[in-house]
Amino acid sequence: MATARVMSAATNTTVSCLLFKRPFFSLNQKAPNFNNNLRFNTTTKRVSKRLFSCKSIYNPDVQIKEEGQPETLDYRVYFLDNSGKKVSPWHDIPLHLGDGAFNYVVEIPKESSAKMEIATDEQFTPIKQDTKKGKLRYYPYNINWNYGLLPQTWEDPSFANAEVEGAFGDNDPVDVVEIGERRGKIGEILKVKPLAALAMIDEGELDWKIVAISLDDPRASLVNDVDDVEKHFPGTLTAIRDWFRDYKIPDGKPANRFGLGNKAASKDYALKVITETNESWAKLVKRSIPAGGLSLV
């Protein structure tokens, strides 16, 4: 059984988020300014349920609990707080870290093909492998970047985006393509800064892809906007667009399309998308918008 390990990050910042559904500290108190070191223990017992703990500014002790075996229908990755209580990686991990940084949850590590995702319809929204007709889903080839979600965001399926062909949201959290050099791990929480946005249209639904980089990456200081990505990661934006455009073709489906002129939008536009979808999520968890089958726990 593999041991889970994560490199540490060190940045001092303060928690900020639009809404805490179940805060890790009292909303009547000032948010504590923890030292932002991610620390995971490096030993696990040989049992079917595995734990590794994480230190971060928004929660002094988050644990990742794996149940079942990877690449099986019952495999789940749960998130636990420091009391052992299950929490939702979608609803309970804050989005904002301040200074333009955001929390990002890895669902699919780079150079892998199992289609892992947050189970938005299950209690505590664990990470699981997606299925179709009772069978586990895989991409036809490896994804070349770490892929995951921004917590506390939601693409509202009742909202038609006039800037992107009137497409409605896909009813999921916003996706992130993280272009750093290190391969992430399922359930790992990274601090990232957005660099660009791609407006993918998948079977008529708007499915934003925020291109970002981990603040721990050696080249993170070199890239601050879409033009910097082209300069320091040449060809990456085109490769991301083409990968997501074409990955369904081997299964006999049409290629996905992209709005906004088929080009990556700027960092400012990406921040606009994040703000809007964070506001939509806040309305969702406040029950201002019908949740349908989504879990709000």
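Biologist: Helix H3 is followed by Arg 287, whose phi is positive, near 65 degrees. On what kind of model does this reading rest?

Modeller: This is a predicted model, in which local features need pLDDT of at least 70 and side-chain atom pairs count only at pLDDT 80 or more, while totals for chains, interfaces and linings use all residues. Residues are numbered from 1 along each chain as its sequence is written, and side-chain values use heavy atoms, without hydrogens or water. The protein chain has three helices and 21 strands (DSSP runs numbered from the N terminus: H or I of at least four residues for helices, E of at least two for strands).

Biologist: How many Å should helix H3 span, and how far apart are its end C-alpha atoms?

Modeller: The expected span is 1.5 Å times one less than the number of residues. H3 has 19 residues (267–285) and should therefore span 27 Å; its end C-alpha atoms are 27 Å apart, in agreement.

Biologist: Which residues of H3 are buried, and against which strands do they pack?

Modeller: An α-helix has 3.6 residues a turn, so residues three or four places apart point the same way. Among the buried residues of H3 are Tyr 269, Val 273, Thr 277, Ser 280 and Leu 284 (buried is under 20% relative accessible area, exposed over 50%, partly exposed in between, with a 1.4 Å probe and protein chains only). The buried residues of H3 pack against strands S7 (96–98), S8 (101–108), S19 (189–202) and S20 (205–214). Across the protein chain, buried residues make up 52% of the 297 residues.

Biologist: Where does Lys 115 lie, and is Lys 115 buried or exposed?

Modeller: Lys 115 occupies the loop between strand S9 (112–114) and strand S10 (116–118). With a relative accessible area of 13%, Lys 115 is buried. Setting aside residues up to four places away in sequence, Lys 115 touches several residues, including Ile 108, Asp 130 and Arg 137 (contact means heavy atoms within 4.5 Å).

Biologist: How many salt bridges does the structure hold?

Modeller: Side chains of opposite charge can pair when their charged atoms come close. The structure holds 18 salt bridges (a side-chain nitrogen of Lys or Arg within 4 Å of a carboxyl oxygen of Asp or Glu). Arg 137 pairs with Asp 130, the closest N and O atoms being 2.8 Å apart; Arg 137 is partly exposed at 24%, whereas Asp 130 is buried at 10%. Glu 203 pairs with Lys 253, with closest N and O atoms 3.9 Å apart. Glu 203 lies in the loop between S19 and S20 and Lys 253 in the loop between helix H2 (236–246) and strand S21 (257–258), so this pair ties together parts 50 residues apart in sequence. Arg 245 and Asp 246 form another bridge, their closest N and O atoms being 2.7 Å apart. Salt bridges with shared partners join Lys 115, Glu 117, Asp 130 and Arg 137 into one network.

Biologist: Which strands pair with S18, and in which sense?

Modeller: Strands pair if DSSP finds at least two bridges between them. Four bridges join S15 (146–149) to S18 in the antiparallel sense, with Asn 146 opposite Glu 178. S18 and S20 pair in the parallel sense over four bridges, and Val 176 stands opposite Ile 210. Both faces of S18 (175–178) are covered: Asp 175 and Val 177 on one side and Val 176 and Glu 178 on the other are all buried.
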